[in-house]
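Trainee: Hi, could you walk me through this one? I'm new to it.
Mentor: Happy to, let's open it up.
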Amino acid sequence: MTVESGAATTDQLVQLLTPEGERIEHPDYPLDLSAADIRAMYRDLVLVRRIDTEAISLQRQGELGIWASLLGQEAAQIGSGRALTLDDMVFPTYREHGVAWCRGIDPVKLLELYRGVSHGGWDPEEHKFHLYTIVIGSQTLHATGYAMGIQRDGAVGGDSANEAVIAYFGDGATSQGDVNEAFVWASVFNAPVVFFCQNNQWAISEPLEKQSRIPLYQRARGFGFPGLRVDGNDVLACYAVTQKAMQAAREGQGPTFIEAFTYRMGAHTTTDDPTRYRLASELEAWKLKDPIERVRAYLVRTGQAEPEFFAAVDAEAKEVGARIREACRTMPDPPPLAIFDNVYAEPTSILREEREQYAAYLDSFEEAGR
Amino acid sequence: MTTLTLSKALNAGLRKAMENDPKVLIMGEDVGKLGGVFRVTDGLQKDFGEDRVIDTPLAESAIVGTAIGLALRGFRPVCEIQFDGFVYPATNQIVSQLAKMRYRSRGNVSLPVTIRIPCGGGIGAVEHHSESPEMMFAHTAGLRVVACADAADAFAMIQQSISCDDPVIFFEPKRRYWDKAEVDTGSGVTHALPLDRAKVVLDGTDVTLLAYGPLVRTCLESALAARQDGRSIEVIDLRSLSPLDMETISASVRRTGRCVVAHEAPVYAGLGAEIAARVTEQCFYHLEAPVLRVGGFHTPYPPSRLEDHYLPDLDRILDAVDRASGY
């Protein structure tokens with residue numbers, strides 16, 4: 001049975017910068033950013049795309065086991081990421097390289113994960129950026145719990161309220177039980193959490209129509225909190241809607257669902273082959289809505305950036321690319337006995353025994369001179 | 001010393017933990033006004049408020065998932081899963097998130113979450129209310145798995161679990177909730193037996209009988225009955241299922257030369273299998289008989305009119321002891 005799906009209709013889209021780079025106003029989202037702010041956003045967009053491109057190359061050359069590309073989703077991530085305060089807490093999926101960049105995570109840390117050197121390993125509290133979560137949707141519950149913790153710390157509302165939580169996930173995740181449970185809980189407890197869904201139209205090979213018959217943002221209403229759809233390729237709009245939703249959460253108005261309508265321009269990961277399930281023409285159509293080109297066009301047309309600026313950003317991108325490439329290629333493997341570290345606060349008797357036995361086994365090779 | 005039921009002892013332990021640390025929270029279905037379906041959290045919401053004793057929506061995955069978030073924020077949540085058979089929807093959060101976060105973060109993150117699960121059969125319940133899923137969790141690195149068997153241990157072990165910086169799966173023997181014992185509620189837990197140690201509950205010389213949770217009492221009764229026949233059984237309450245206190249187990253088996261393990265969970269791939277392998281390895285030259293196991297069958301938990309056949313009772317345990325002694 002085929003069903004008509006309204007999931008992909010684009011009515012009610014919040015947009016502040018058209019694909020052609022024209023600035024438009026939206027009554028609910030007045031935005032007053034300086035030229036320097038917008039240039040800084042442009043720089044971030046270009047740098048994270050470069051990091052992404054570099055990582056794909058590193059995977060192709062065997063330096064990474066796999067890479068999940070953010071290509072096409074830069075605006076959704078930089079726009080929302082830059083809208084956060086230093087005290088806000090982020091719960092990412094495994095594709096939030098742009099948000100990680102905004103939180104000051106060295107991209108090399110991300111490469112560690114995809115190279116197989118660690119499962120993450122940064123300190124979430126230091127960056128207020130939780131570890132990448134690979135099981136789809138699980139982190140939305142952690143985000144909701146963390147937000148309940150902010151409530152219990154008495155840090156919601158009031159003049160000093162400066163923290164809320166943002167949970168990232170994709171269109172596929174909206175079908176997960178955990179995500180729907182997170183919606184229920186956040187709503188019932190009025191938790192200060194923003195659900196930021198990057199609807200990139202594809203969950204590996206499954207199109208949005210396999211996840212929903214209605215636009216995703218409309219689901220929020222059924223859970224009892226507001227939902228909205230934003231042009232996910234528009235960095236200004238993503239910034240504005242996230243800032244407003246986070247502020248509402250900090251003030252005690254509870255959760256908001258943001259559907260950033262975007263497109264996964266690359267493969268799901270480097271192991272995927274999108275030519276098996278989608279048309280090239282679809283990608284071509286989305287290329288016209290590129291998240292970076294429209295900012296560049298706007299900056300050029302309004303005279304807010306000179307050619308020297310763009311040249312400097314390109315040069316910096318090259319440098320960042322070279323730095324992470326070198327760092328990746330020279331990254332040592334962890335020592336074998338690191339397997340046994342950090343399973344428990346203190347190793348258990350069972351674990352100590354296994355570690356000792358394996359160490360002795362490894363030593364036996366040395367003794368035998370092999 | 002006060003005489004308390006196991007349920008009341010848990011309640012007293014939870015109360016103490018909440019008094020000692022304002023970061024301790026209780027969350028679960030019906031834990032507030034009702035006090036839990038077994039009344040383990042009775043009165044706590046009234047005294048500590050709805051923010052610390054949280055009646056949650058009916059979603060086990062979310063109980064554990066949000067507890068993880070609360071722990072990341074610095075809280076020490078104690079989750080109640082209403083019945084053993086209801087824990088499976090939370091398995092992803094327990095196994096893939098809770099257990100692995102310290103490892104994933106290379107030690108940057110601690111998740112001091114305690115998950116209380118009433119377990120086991122013997123109360124004539126409908127399906128999903130009598131299971132023993134402990135081995136699913138014991139098999140998962142990163143979790144500590146414990147089971148209390150008496151009121152005194154219940155009081156101490158729940159507090160130790162809550163103050164432990166690792167996630168702890170805490171099994172409560174539901175048919176023993178009403179068993180009474182002397183509990184010293186005035187004392188702290190500093191001098192209590194560490195959480196990862198087993199306890200010899202009855203000295204003996206002929207056979208080592210290992211059990212945990214609900215079957216400790218059954219094993220004690222078996223040992224007392226066997227004494228009439230002149231057989232001296234040493235009963236050990238394992239208390240910690242992961243890690244196992246092999247030191248205490250092996251020391252006993254080396255003396256007795258015989259070992260029987262009893263649990264309600266299916267014998268197949270149960271904790272008895274792990275113990276048998278380790279005892280064989282560590283006590284091989286002291287063994288007079290193979291390690292024998294007595295437990296549930298490799299079937300789903302049966303309808304309650306059949307549960308007396310499924311659950312190891314005094315006779316089945318003594319039958320195993322007899323077989324071990326016959327070698």
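Mentor: We'll go through the domains, the contact between the chains, and then a few strands and a helix. Keep in mind that this is a predicted model.

Trainee: Okay, how is chain B divided?
Mentor: Chain B has domain 1, covering 2-183, and domain 2, covering 199-325. Taken over C-alpha atoms, the centres of domain 1 and domain 2 of chain B are 26 Å apart.

Trainee: And how many residues of each domain of chain B are in contact?
Mentor: On the domain 1 side there are 24 residues, and they are in contact with 21 residues of domain 2 of chain B. The elements giving two or more residues to the domain 1 side are α6 (134-138), β6 (144-147) and β7 (168-173) of chain B.

Trainee: Which of them gives the most?
Mentor: That's β6(B), with four residues. By type, the domain 1 side that touches domain 2 of chain B divides into 11 nonpolar, six polar and seven charged residues.

Trainee: You mentioned β7 of chain B. Is that strand buried or exposed?
Mentor: Mostly covered: six of the six residues of β7(B) are buried. On one side you have B:V168, B:F170 and B:E172, on the other B:I169, B:F171 and B:P173, and both faces are covered.

Trainee: Which strands pair with β7(B)?
Mentor: Strand β5 (residues 114-119) of chain B is one of them, parallel to β7(B) over six bridges. There, B:R116 stands opposite B:F170. β6(B) also pairs with β7(B) in the parallel sense, over four bridges, and B:R144 stands opposite B:V168.

Trainee: Switching topic: how many residues does each chain bring to the contact between A and B?
Mentor: Chain B brings 36 residues and chain A brings 33. On the chain B side, α3 (60-72), α4 (91-98) and α5 (101-104) each give two or more residues. α3(B) gives the most, with nine residues. The chain B side divides into 14 nonpolar, 14 polar and eight charged residues.

Trainee: What about the domains of chain A?
Mentor: Domain 1 of chain A is 13-329 and domain 2 is 336-367. Their C-alpha centres lie 40 Å apart.

Trainee: Why do you call strand β7 of chain A largely enclosed?
Mentor: Because five of the five residues of β7(A), residues 227-231, are buried, the strand is largely enclosed by the rest of the structure. A:G227, A:R229 and A:D231 are buried on one side, and A:L228 and A:V230 are buried on the other.

Trainee: What does β7(A) pair with?
Mentor: Strand β1 (residues 13-14) of chain A runs parallel to β7(A), joined by two bridges, and A:L13 has A:R229 as its bridge partner. Strand β8 (residues 256-261) of chain A is also parallel to β7(A), with five bridges. In that pairing, A:D231 stands opposite A:F261.

Trainee: Which residues have the most contacts inside the largest nonpolar core?
Mentor: They are A:V165, A:V193, A:I258, B:L209 and B:V260, in a core of 198 residues.

Trainee: Last one: what span should helix α12 of chain A have?
Mentor: At 1.5 Å a residue, the 23 residues of α12(A), 307-329, should span 33 Å, and the end C-alpha atoms are 33 Å apart, so the two agree. The buried residues of α12(A) are A:V313, A:G321, A:I324 and A:C328, and they pack against α1 (35-60) and α4 (107-115) of chain A.

Note on methods:
Residues numbered from 1 in each chain as written. Chains lettered and ligands numbered in written order. Predicted model: local features only at pLDDT ≥ 70, side-chain atom pairs only at ≥ 80, totals over all residues. Domains from an automatic or database assignment. Contact = placed C-beta atoms within 7 Å. Nonpolar A, V, L, I, M, F, W, Y, C, P; charged D, E, K, R; others polar. Core = buried A, V, L, I, M, F, W, Y, C linked by C-beta atoms within 7 Å. Buried ≥ 20, exposed ≤ 12 C-beta atoms within 10 Å, placed from the backbone. Expected span 1.5 Å × (residues − 1). Pairing = 2+ DSSP bridges.
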